[in-house]
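Please look over the chain below. The briefing that follows takes a few of its local features in turn.

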Amino acid sequence: MTVQAAVLQCSRLLEQAGIPVPRLTAEVLLSHALHCERVYLYAHPEHELKEVEWIHYGRYLHERLRNKPTQYITQRQEFYGREFRVTPDVLIPRPETEHVVEVAVQTARGARRILDVGTGSGALAVTLAIETGAEVWASDISPAAAALAAENARRLSAPVNLMVGDLMDAIAPASMDLIVSNPPYVPDTQRDGLPPEVRDYEPPVALYAGPTGLDLYRRIVAGAPRVLRSGGWLIMELGFCSADRVRQLLAGWNDLRIEPDLAGIPRVIAARVVSASSNR
């Protein structure tokens, strides 16, 4: 079978199964099977698939038809122009999370030490280390996630200090100028309503945050003043319809601002800590 025929045939199967962007998905999976870039498929539509290539392509297609995310099949996801390795041990980085980087770079330009809480693949930590040149630390409760983040940091030559632990428990008082986080924010009650790609494959510890989706926000907001230096910033991604409730958690903080994403949805919240005894 040729490249062109393989793409067309598998696009139809994906479309019939209701898989989003079937043509692109077919091309990405075939490129992965051939160990090539997508442009090769357009330049060589007459390429005859070897048996081993067809076997791999068929397996990848079967996995996608069972709703396994394409990123977990290819173990790749782009974030802020860089390719990160992802596995089912970590949440797949979303384009919306890039707004956290943008707000952090603009808001806390002079930050010398940055902490990424719940780093997952390390997308935020690695990106901020490269973009700002600051000393970056990252924590995750999952040893497997921390190991993958360390791998991504090494591969992208980003000097990130990785720790396994619960949120900020292992961080010294008054040691950080900026804390960033994309915390779990899906309410437990919404689990069944999630797309199967998310519900059945992404790690629950990175998705769910109690009955209201606010459990991790509460803990991060409560713990951040101990870790931040006086005037330090806390910047977090917002879940859908969570902006007002998270704003209330940050009552009393300074310079609070909420930034929307390209669709106008409140996406990032930032606030500066009030001086406290632990920060003096």
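Setting aside neighbours within four places in sequence, Ser 181 is in contact with Asp 116, Val 117, Leu 124, Ile 220, Ile 235, Met 236 and Glu 237. Keep in mind that this is a predicted model.

- Ser 181 belongs to strand β6, which covers residues 176–181.
- Its relative accessibility is 1%, so Ser 181 counts as buried. The cut-off for buried is under 20% relative accessible area.
- The side chain of Ser 181 reaches the backbone oxygen of Val 117 at 2.9 Å. Val 117 is also among the contacts of Ser 181.
- Leu 124 is another of these contacts. Leu 124 is also one of the buried residues of helix α7.

**Helix α7**

- Helix α7 spans residues 123–132 and is mostly covered. Seven of its ten residues are buried.
- The buried residues are Ala 123, Leu 124, Ala 125, Val 126, Thr 127, Leu 128 and Ala 129.
- Just after α7 comes Gly 133, which takes a positive phi of about 75°.

**Aromatic pairs**

- How many aromatic pairs does the structure hold? There are two.
- Planes over 60 degrees apart count as edge-to-face.
- Trp 54 and Tyr 57 are three residues apart in helix α4 (residues 51–65), so about one helical turn separates them.
- Is each of these two residues buried or partly exposed? Trp 54 is partly exposed, with a relative accessible area of 32%. Tyr 57 is buried, with a relative accessible area of 1%.
- Phe 79 and Phe 84 also pair. Their ring centres are 6.2 Å apart and their planes lie at 85°, so the pair is edge-to-face.
- Phe 79 is buried, with a relative accessible area of 1%. Phe 84 counts as buried at 1% relative accessibility.

**A charge over a ring**

- Which ring does the charged end of Arg 191 sit over? The ring is that of Tyr 208, and the charged end lies 3.8 Å from the ring's centre.

Terms used. Residues are numbered from 1 along each chain as its sequence is written. This is a predicted model: local features need pLDDT of at least 70, side-chain atom pairs count only at pLDDT 80 or more; totals for chains, interfaces and linings use all residues. Side-chain values use heavy atoms; hydrogens and water are left out. Buried means under 20% relative accessible area, exposed over 50%, partly exposed in between (1.4 Å probe, protein chains only). Helices (H or I, at least four residues) and strands (E, at least two) are DSSP runs, numbered from the N terminus. A polar contact is a pair of N or O atoms within 3.5 Å; within protein, one must be able to donate a hydrogen and the other to accept it, and residues adjacent in sequence count only if both atoms are side-chain atoms. Contact means heavy atoms within 4.5 Å. Rings of Phe, Tyr and Trp (its six-membered ring) pair if their centres lie within 6.5 Å; planes under 30 degrees apart count as stacked, over 60 as edge-to-face and the rest as tilted. A charge sits over a ring if NZ of Lys or CZ of Arg is within 6 Å of the ring centre and within 35 degrees of the ring normal.
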